[in-house]
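Reader: Could you walk me through this one? I would like to start with how the chains touch and then move on to the inside.

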Amino acid sequence: MKPIVSAILFMAIVCAVPAAAHTPLCACYNNGDDTVTCEGGFSDGSSAAGVQMRVEDASGKMLIKGKMDANSEFNFKKPDGTYRVIFDAGEGHVIEIDGKDILE
Amino acid sequence: MTLDELKPGGWCQIKRISVRDRLGQRLMDMGLCPGLHLRVVRNAPLEDPMEVEIEGRFISLRHTEARFVEVEGHDQ
Amino acid sequence: MTNKKILVALAGQPNCGKSTVFNALTGASQHVANYPGVTVEKMSGSYRYNGRTVEVVDLPGTYSLTSYSPEERVSRDFILHEKPSLVVNVTDASNLKRSLYLTFQLLEMEIPLVLNLNMTDMAEQVGVVIDTEGIAEHLGVAVVPTSMKNGQGKKALFNAVAAAAEGGRKAAVRIDYGVMEPFLRDIEKRLADETTMPAFYPARWVAIKLMEGDGETRNLVRADSPRAEHLLRFTERLRGDFESRFNEAPELFIAHRRYREADDIERRYITPGRQAVGTLSDRIDRVVCHRLLGPIILVGVIWILYYLSIVQGYHITNYTWPLLAKIRSLAEAVTPQPGFIEIPMLRALVLWFVDSVNALLNYIPILFILFGLIAILEDSGYMPRMAFIMDRFFSRYGLHGQSTLPMVLGGIYVGGCAVPGVMACKGIPDERSRLATILIIPMLNCLAKVPLYVLLINIYFAAHKAWAMFFISTISLLIALPVSRILTLTILKDKETAPFVMEMPPYHLPTMRGVLGRATERVWLFIRKITTIVAAVAVVLFVLLQFPGINDERQVYYDAKKDKAIADFLSQIEGTPFADDLQGENLMAMILYWKEYKNARMLTKGPEAMSTLNATYKARNPVFFRIVQPGKDKVAKQANRAFKNLYRKRQDLLREIRKERIDNSFLGRLGRWPEPVTRFAGFNWRVNVALLSAFAAKESSVATLGALYEPEEEGEALEARMARGEAGFTSLHALTLMLFMVLYPPCLATSIAVKLQTGSVKWMLFSMAYPMALGLVVAVAVFSGGSALGLTGLQAMIAFYGLALALTVATGLLKEKERYS
């Protein structure tokens, strides 16, 4: 009996949580040594670890694919030419950053 | 003849409301009173509910409700 | 006498411009409450005129005053028991005849009445001419024509109200009910003899109501006299007598008489217009309710709704978020500063609290737009058309045509939000459908769950991404509909249903003021009632997650790691000019400086803003800044790298500590116990705890679950892991988890909204409990069933989808029991 009761209790507590109102956050910086670091997060304080990251060239071709690491960071080698970085946490939670806006 | 049997278009006159209690009261409250004339305007895209014009107002009701409005059609 | 407040009730049928009158009279002084015991809104406000304060209560718009709906009951109760000085009856001058149906009922309650002929501009437009003096004399009441929309007639209304309050004269007219009069007299006599009711209520009104068979009046009689049953039985006999003699149900006879009276007045005092008012609207409806175009337009309207509220709303949050972030920064600044791995309790509590509240406040732009759009839909008159188009489909599942908008808000194909969805259920007249709608909305596509689905799909269904997204977007509807049907057949079986009969009012251009006003009001309600409770619960959760905390032994372990990280760093910068500046406490100061800078940078956009930011931080501490932005300085770059390394280690440590703390906490321990049950759903205790952390601790659900389900990056072979006794997390697991999340109990904000809408804690608890049960059952069935049959995630997905579809079709074809004999 106990496992069922605690299953119910467990879910009761789990459900007593506000929905995460995610405004996605992402900013990228040129490290000056040919690498770029992107940091991400969500407005409710959740980290963005695990969120898919993509780097595309001007024509939309995917150059680099990866994920935000456990510290909500994504490091990659800066591509030549124009590029875009995409933080993709699903519909409504996507951020696109143009390479030329990525400063030191 | 009852209202649910009518097709859109013609005017007819309400003869009697054959249901009482909540539905009967509601039909009357909404203006479907014996003696008045109404016109079936249209059916919904899914056939039900239907819309009628009566005394300058437009009322919609389900066919299962219109069943209790006895009418006498003029040009049916 | 002159200083007493005057209480005025505003009564009228829907679509007479009553709220415009209310707004014009009371302006900014309005407030909304609830009538005790019911979920009907009570709008009240006040104004001052000629030195007296007048309080105005806007009664709900009703077509009649029976006791069948809570709105009508509440209106009657107010007039009978709150004893307003007078009633202002707002009517539509362009169609006075139908408004009079209610007027007569108000007059029968024997309360001073001012007849307000509103919308005179419309009447003029169609050529209706009313002999107001004639009517005033005939009915024995003051008649005030107004066009409140244009501000005309306001002063006359103020005067009429003041005069009526002084005069207190009751109307002269009384409807002659012809052959029913002897019956009414008999009842009145009995009332006088056997009850004390005539002292409290107008006797004739009670008699009429009893002849109508009115339930609430019967209750009043019961409450009044011990011999009530005797009287009531007598009344029933009279009703039966009447019907057999005159071949018409008494209540219908009475309604009929009222219409005849209204007809009479029209013939005598009203010159009809050239055309009916509604012809333009009818022409619009030819398109809007068209067989083909109607549904297309509906889809279009829904799409615009989503686009403006969710897509654009999210854009706006990008601007409002920085404001909330500033609040958080402020909290960070004023609470005790953290150490390398030590976080003071107060600081943790405050930040947790701020995060929880910010999460909800962040929704406000979206909610504001949503509520505004809903108000536009309501005011324009399009809502009844939505119900008209969709009713047949929804009523098959025990829902109502007016469930359309709430469900759209909850999220049909794209993500929505259950909170406004539940709040939009207010308008559904049928108790049973209303409850059913409220109970299934939380199951629809919640926007906040999307990142979780996307994560799992990217890992486990990457090859079939499009299909998987389609599945998850539509499955919620396929579950919600059958569930609704089952609920209405079982738990909700005995709830009151209401007739659908509904007016399709003329289309009407919403006013900016009305729309903004209502949107603001509803957002404020959200903040006041929902955010407050969530904040309180957040504190409780904090306690459950913090304690008992890390034990001493482990603390030593972490301290050792901390010391090593710091030592490593210091050795790396030894010999550089920075070595002295970062000793001891300064190191911590540097860490906080770096964190602040990063946070600020995340919110800064554009080169100018960036250079301003840099200038500020450089001025604050040039040494620290050199490390943060080393430029070409090779030594500084080295320090920068070493520092980033240290910072990363700190983050890792903090995360580890946090995780361990949660695992140890009361909440975490809770995750272990249900394992024997959840195991069948594929959730071992680590998953349970991860779920807890993911949802309760807001530790990125995306991350925690990702880490749990993702094959190890280090290339540890699946076999090796299974050999270690860990079940492989397969696509079947992912599917189970996704389904569980679809059915997941509503978030706290939604649960509170449910309580507000249903007015009952019981239903709130049920709305939380049954999805739990359903979720667990489905998860267990899918996982155990899928495993037993050796299905892959994709196959199980297809199988489940087929089942859900079949169930939806089947329940939709179930015949509904005859509602009316």
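**Where chains B and C meet**

Author: In this predicted model, chain B has 35 residues in contact with 34 residues of chain C.

Reader: Which helices and strands of chain B each supply at least two residues to the side that touches chain C?

Author: On chain B, those elements are helix H1 (21-29), strand E2 (37-43), strand E4 (57-61) and helix H2 (63-66). Of what makes up that side, H1(B) gives the most, with eight residues.

Reader: And by class, what residues does the side of chain B that touches chain C have?

Author: That side of chain B has 17 nonpolar residues, together with twelve charged and six polar ones.

Reader: Back to E4(B): in which sense does it pair with strand E10 of chain C, parallel or antiparallel?

Author: E4(B) and strand E10 (residues 502-503) of chain C pair in the antiparallel sense, over two bridges. Within E10(C), Glu503(C) is the bridge partner of Ile59(B).

Reader: Changing topic, which residues touch the most other members in the largest nonpolar core?

Author: The largest nonpolar core has 238 residues, and Leu10(C), Val114(C) and Met738(C) are the ones that touch the most other members. Helix H34 (residues 731-743) of chain C gives the most to this core, with ten residues.

Reader: What is Met738(C) in contact with, leaving aside its neighbours within four places in sequence?

Author: With those neighbours left aside, Met738(C) is in contact with Tyr453(C), Leu456(C) and Ile472(C).

Definitions and conventions
Residues numbered from 1 in each chain as written. Chains lettered and ligands numbered in written order. Predicted model: local features only at pLDDT ≥ 70, side-chain atom pairs only at ≥ 80, totals over all residues. Contact = placed C-beta atoms within 7 Å. Helix = DSSP H or I, 4+ residues; strand = E, 2+ residues; numbered from the N terminus. Nonpolar A, V, L, I, M, F, W, Y, C, P; charged D, E, K, R; others polar. Pairing = 2+ DSSP bridges. Core = buried A, V, L, I, M, F, W, Y, C linked by C-beta atoms within 7 Å. Buried ≥ 20, exposed ≤ 12 C-beta atoms within 10 Å, placed from the backbone.
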